[in-house]
Amino acid sequence: MFTKLGQIIAVALAINVGVQIPVAAQTPEPTNWPAVLDQARGQTVYWHAWGGDPRINDFIEWLGETAEARHGVRVQQVKLASTSDAVTRVLSERAAGQDSGGAVDLIWINGGNFAAMKSADLLFGPFAEALPNWRYVDVVGKPAVANDFTVPTDGLESPWAMAQLVFEHDSARLPNPPRSAAALLEWARANPGRFTFPQPPDYLGTTFLKQILIGVIGDARVLQAPVDPAQYTAQVAPLWRYLDDLTPHLWRSGRAFPANEPALAQLLADGEIALSFAFNPGRASAAIADGQLPDTVRSFVWQGGTIGNASFVAIPYNAAHQAGALVVANLLLDPEVQARAADPNVLGFQTVLNMDALDPVARARFDRLDLGIATLAPADLGPSLLEPHPSWMEQIAKDWSLRYGIAQ
Amino acid sequence: MNHALGWPHAAAWAKTVRLFCVMVLVVPIALGLWGMILPAFGVVPGLRAAGGASVALTLAPWRAVWQWPGLWEALWLAFLSGVGSTLIAFALSQAIVAALQGGRVFGLVMRLLAPMLALPHAAAALGLAFLIAPSGFLARLLSPWATGWQDPPDLLVLQDPWGLALMAGLVAKELPFLLLVTLAALGQPALRGRVLLAQSLGYGRTVGWFKTVFPAIYPQIRLPIYAVLAYAMTSVEMAAILGPTRPAPLAVQVVIWMGQPDLALRMQGAAAALFLLGAVLGALILWHFGARMVAHWARAWNFSGVRGLWAEGWLRGGMLAVVALGVVGMVVGLLGLTIWSFAGIWRFPDALPQTWSLGVWRDVWRGGGGLLSALGTTILIALGATLVGAILALAWLGARPKVAGTSPVLWLIYLPLIMPQVVFVPGLQTAALALGMQGGVVLVMATHVIFVFPYVVLSLCGPWQSWDPRLALQAAALGAGRVRIFWSLRLPMLLAALLTAAAVGFAVSVGQYLPTLLMGAGRVETLTTEAVALAAGGNRRLIGAYALAQIIVPVIGFAAAVILPGVIFANRRGMSRVAIGG
């Protein structure tokens, strides 16, 4: 029996060696790119990214194959239920005194999570502007790539996709969808139970609240500064008035809410709701191509525009494989990778690159893309509204939970 | 008895083994609890002053929980769904055994027990959700011809504020377990013939069983019931899939808070977890005294001489209906999952998809979606945890010849099953981190042992104890030593039971969600963690594929336990039969 135990321990140790992370080598210097590439070779980058969408997971897998082929860097996606899990992990590691060799190498991040990590000094960098592919990024045309929910990125995160809120409807069942907050309320009254939003503090659900808030607050410029507690109650009162009117006419009379974006999408696919929305203008076309939505679904935006922002990647200060993470962040800005992400058959994400900065071959990759049957042309997307300061998102999500998230 | 077999150090050896096994159970739970108590009072282990948070003792987390407006609702939900589902599952299990034992349907129930036990909670919840949602399989089968629904009705069936869907899922999952432990308790020779005796006195089979057998059974299955009650009050994955969200039952809220980057919220989560533990203890005490009151009241009924023959037919018919509902529900639920995994476009009132697609399975085959690697990790962890758990269980049973029905030792074995995972596993994660242990496959495996070991012991102790010790005496008289008796007599004779117990342990490991998620630092992807993550995502095709894989793996374990003894002992009739639970 003891030899058997010995064998088990030996096996356990052997597995453990494979899992354990070697203590980090010296910190990479992003400006010395050849050295970064050297150091990165052979590393496995643990990319903590929301894992709820198989298309995104497949894209990350493809990216890993590309990174391995080009630079000898493997990518392992750690599929998160919520990005805050990764922030928590880094925070726990710092609390335990683990300042190097951390488990998180790269995080798909933006908004409040970035603001939290930046203010707590949990990030490696600045590095973004030192990446070789930074020269392609459209800093002028897409200011959101350097200003994340009004917080300057200061090179501590690198953008990889643009997103804008678009609404989706099945044109066969609902030919003329409501195109403003007021029209939505009127339509919901006439068609109760056919609209809902993911339960805040879910990201998309809270984005919907912000979209309403921008429409009803009067002077939307106050949203660009942090919440002023003295003014807040009066400022958001119109939002709660609107929701008090809308909630009884929601799906399940507002007594249950879908958990997140894919759950909302499934409700549209099942015909439980007639109107949905997503933070990705290409999503509907992609889902049609996948056979998940009927080909009569179309996307549209509201009059006056919808909220838009950028997705980033950031590297924790204690990441075990910072050089590898830098290589992956740079690879995400590669025109070929960006064109693949923009392909509606892959992700349908909007690029962060400046078309004028690309050479003709790279540009042709984007021009060739068929955006898909349900995707609006860039000109039809309308104005992209600025994200409010993260404190707004946090505060209204919290207040929504108190007002509507707890059954009375 | 150890001395009787002439093994000089037997007593010392047995003591060491017992101590080691107790440590395996108690140390992680104590560490985990400590890792929750500290943050609940504002102390985060290992936090440096530079972290900015206060390290002083404080009651602030408790105040925050107390002031959270959803507290009573969330607590009430946990209590209602926990006690309600346990009560229903308990009553049904006893009534099924009483009314159907010995009949042909009962044989079917026994055969279905293993696969139903193997069904992981998450997969069961997903199958149920697909079945009963307003746009689910049942509504599709009945629409529009019977219901007139062209669009899914706006009905609050899943995630209902009363937790009915959650209770249904919990009952479906706990009923097989309670049936199993009841059957194991029925194995005592003293109970044989009691029903016959009652019948000879003019009682019906069912009422006779309740009056003569049940009072002897209940003390035997009390601890399993407590485990079920504690689990049902604190289940995370089932509650997340089927339970209400405004607010969610307290266990789900604890996991949400513990996952927040804000330290204050995590401390609040720790305090809420301890609050939940208090509620579980309260419910257990309530159950305990409730049972005594019922016993007191029932004594009069027991000796009243009431035959209650009128109830026999009703009970038998009712239990047949329950079994039929369970079997049909399981089959249709599995069918729904299977169809979804092959579905293309499947619009609402259609009973079958408009288009079919092999897309998901093709992706899986190509290694996309991570199912194959999750499958490998799941099997690796389950095999490792089961091997260690089975060795520990054999050592434990070998070192402790007797496990009485209500001894404090049995409480120890049940400790990991009664102590809610959500109360100590997050603390265990903190403790592991503070001790410098990296989350990974080995840590997950080790944590699974805490849960696999008790189940293997419980499944094995019946057959182990009913093994006739005179065989050992005879072998010893023929000159065999203790070691040889174990390896060439007792183990082969108990191989079928051991393999079945191992299959139970394997299934337990496959189904673990919270320990895998937390101790694996999010990096260890098993079928269960992936299925729960996907369930939040809502891609039904992929969910269907994962849930099927999650069901098939433990069923293969049980199939192996059934087939292997027959293969190994092909030339020894009588040693190739399987015993579930004894």
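Strand S7 (residues 166-170) of chain A pairs with S8(A) in the antiparallel sense, over four bridges. The model is predicted.

**Sheet in chain A**
- S7 and S8 belong to an open sheet of three strands, ordered S8-S7-S9 (chain A). Its pairing is antiparallel.
- Strand S8 (275-278) and strand S9 (297-300) of chain A are the edge strands, each pairing on one side only.
- On average, neighbouring strands are turned by 30° against each other, direction ignored.
- Val166(A) has Ala278(A) as its bridge partner in S8(A).
- Helix H9 (residues 261-269) of chain A packs on the sheet and touches S7 and S8 of chain A. The direction of H9 makes about 150° with that of S8(A).

**Domains of chain A**
- Chain A divides into domain 1 (25-128 + 135-160 + 311-372) and domain 2 (166-308 + 384-404).
- The centres of the two domains, taken over C-alpha atoms, are separated by 28 Å.
- Contact between them involves 18 residues of domain 1 and 16 residues of domain 2.
- On the domain 1 side, helix H5 (residues 111-119) of chain A supplies the largest share, three residues.
- That side has eight nonpolar, eight polar and two charged residues.

**Contact between chains**
- 51 residues of chain B are in contact with 55 residues of chain A.
- Elements giving two or more residues to the chain B side include helix H16 (371-399), helix H19 (441-466) and helix H25 (540-568) of chain B.
- H24(B) gives the most, with three residues.
- By class, the chain B side has 21 nonpolar, 21 polar and nine charged residues.

Notes:
Residues numbered from 1 in each chain as written. Chains lettered and ligands numbered in written order. Predicted model: local features only at pLDDT ≥ 70, side-chain atom pairs only at ≥ 80, totals over all residues. Contact = placed C-beta atoms within 7 Å. Nonpolar A, V, L, I, M, F, W, Y, C, P; charged D, E, K, R; others polar. Domains from an automatic or database assignment. Pairing = 2+ DSSP bridges. Axes fitted to C-alpha atoms, helices over the stretch in contact; angles between N-to-C directions.
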